[in-house]
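Subject: Structure handover

Hello,

Here is the structure for your set. My notes follow below it.

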Amino acid sequence: MKFRTRLRVTFVIVIALPLVLTAMAFCGIGLYLLNIQKGFPIVELDYTAMSENMREVVGATNGAYLRLKAQIEKDPSMLADTAYLDKVNSQIREKTTYIIVRKDDELYYTGNREAAEAIFPKLPEYGELDMGEDSGIYYDNLDKFVKQLDFRFPDGSEGSAFVVTKMNSLISRKLLVDMFVAIFLILIFTGLMLTRWIHKGVFDPINELNVAMRKIKEGNFEYVLQTDAKGEIGDLYRNYEDMRLRLKESTEENRESEKQNRELVSNISHDLKTPITAIKGYVEGIMDGVADTPEKMDKYIKTIYNKANDMERLINELTYYSGIDNNRIPYNFHRINVADYFGDCIEEVGLDLEQKNIELNYSNLASPDTVVIADPEQMKKVINNIISNSVKYMDKPHGVIDIRILDETDSIRIEIGDNGKGIAQKDLPKVFERFYRTDASRNSAQGGSGIGLSIVRKIIEDHGGYIWATSKEGEGTCMHFVLRKYIELQDAE
């Protein structure tokens, strides 16, 4: 449930539930308070009687009632004495209770004439009701409670004494206490219910999310939060899961990158030691006079030069790798003619391969006017890296490298194959990974950083092409990469 909906429901519950429960409590307490003693005659009763406990009203009139009753039993003629009646009435007036005395059908005495005139016509006849001490009559429309005593005047006339109490002037303390307790309990119940509901729907998920975030802080990315909840809580859980998975993936990538960096430094350090050691050895030979003939001196100088070139190549690979890792390889794309460009490349690498007793075969089956968009320098690095790899793993006395350009309608495919020792099928999918080397021996002849082919794949993919390898162990390896042709708009039309 969304927070906005939850707040609306909470608002409605806070307003409606206490009102409903209070009304129910009021009705229940009122009905209980109206449960008065059996035989208590009530006339024209409705729920306004709940404003006063009937037993309290009876108690309010009992003082005057009992005094008049005792006087009637002792000497009823005193009720004909208005001075006596004034005295009794004055003692109870402050309790909003007064006396009415009726002689036959006439009003003989009243302690409150204005009020008496309203209720007098409704008073019961002489001997009509037989009332006990705890009985009385309640007139709902007048809010009056009446107790009746019948007697005889000295002249034998029928007389009735009435003790009248105005009920709406009295408020039941019991009702107030009961309603206060009921409202207090209702508010506690409502508060507990809403607190539990909000705690379960909001605080419990937030606490669980806090635990999950602490796990993330500690580097534990395996703590999973799953929920089917909707609204903000569900969104928080799902966002946490997305963040956790991305952080986990990023951390694993960083660890792998750090591992690869350490491996690169180790590889470069190892590969640099070989040419440095050779250079030192040949320089020491020159210094010691071992190269005592022009031929030996020339051989030593060339060897030192070649080893220095090897060191430069390793350093360049490291620099280039740094550019790849940060996506900062500089590209200068141009429209280049395939036939002219690859013709120049073959001429350049052919001389070097000839010195190494490796035969180079070249064939171009694409149209002479085929053009591609490429960076000449970066594409040359691709060709040199592939050929260098072929030379490095050449195990035949007479090496052969074949370069073929094939036309594939909208693209061209370049194949660079050799007759070297080949690559095992299980290793083929990995040859373009960084630092992967099929030869784990790391001898001086076949050493290397292991990033040459990963650089090749990166350059080809940045040109919008793709590359793969095929190989047979003992027969040789072939690298295939595809580049899209450049087609001018007018030609396409």
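Residues 24 or more positions apart make up 65% of the chain's contacts with a separation of 6 or more; a contact means heavy atoms within 4.5 Å. Please note that this is a predicted model: local features need pLDDT of at least 70, side-chain atom pairs count only at pLDDT 80 or more, and totals for chains, interfaces and linings use all residues. Residues are numbered from 1 along each chain as its sequence is written, and side-chain values use heavy atoms, with hydrogens and water left out.

The chain has 493 residues, and 39% of them are buried (under 20% relative accessible area; exposed is over 50%, partly exposed in between; 1.4 Å probe, protein chains only).

Secondary structure comes to 11 helices and 12 strands. These are DSSP runs numbered from the N terminus: helices are H or I with at least four residues, strands E with at least two.

Now the sheet. Five strands form an open, mixed sheet in the order β7-β9-β10-β12-β11; strands pair if DSSP finds at least two bridges between them. On average, neighbouring strands are turned by 15° against each other, direction ignored. Axes are lines fitted to C-alpha atoms, for helices over the stretch in contact, and angles run from 0 to 180 degrees between N-to-C directions. β7 runs parallel to β9 (residues 399–408) over seven bridges. Tyrosine 362 has isoleucine 403 in β9 as its bridge partner. Helix α9 (residues 376–392) packs on the sheet and touches β7, β9, β10 (411–418), β11 and β12 (476–484). Its direction makes about 170° with that of β12.

Last, the charges. The whole structure holds 13 salt bridges (a side-chain nitrogen of Lys or Arg within 4 Å of a carboxyl oxygen of Asp or Glu). Arginine 244 and glutamate 241 form one at 3.0 Å, N to O. Both are buried. They sit three residues apart in helix α6 (residues 231–288), so about one helical turn separates them. Lysine 426 and aspartate 427 meet at 3.4 Å, N to O. Here lysine 426 is exposed at 64% relative accessible area, whereas aspartate 427 is buried at 10%. Shared partners also join Arg404, Glu408, Arg413 and Glu415 into one salt-bridge network.

Best wishes
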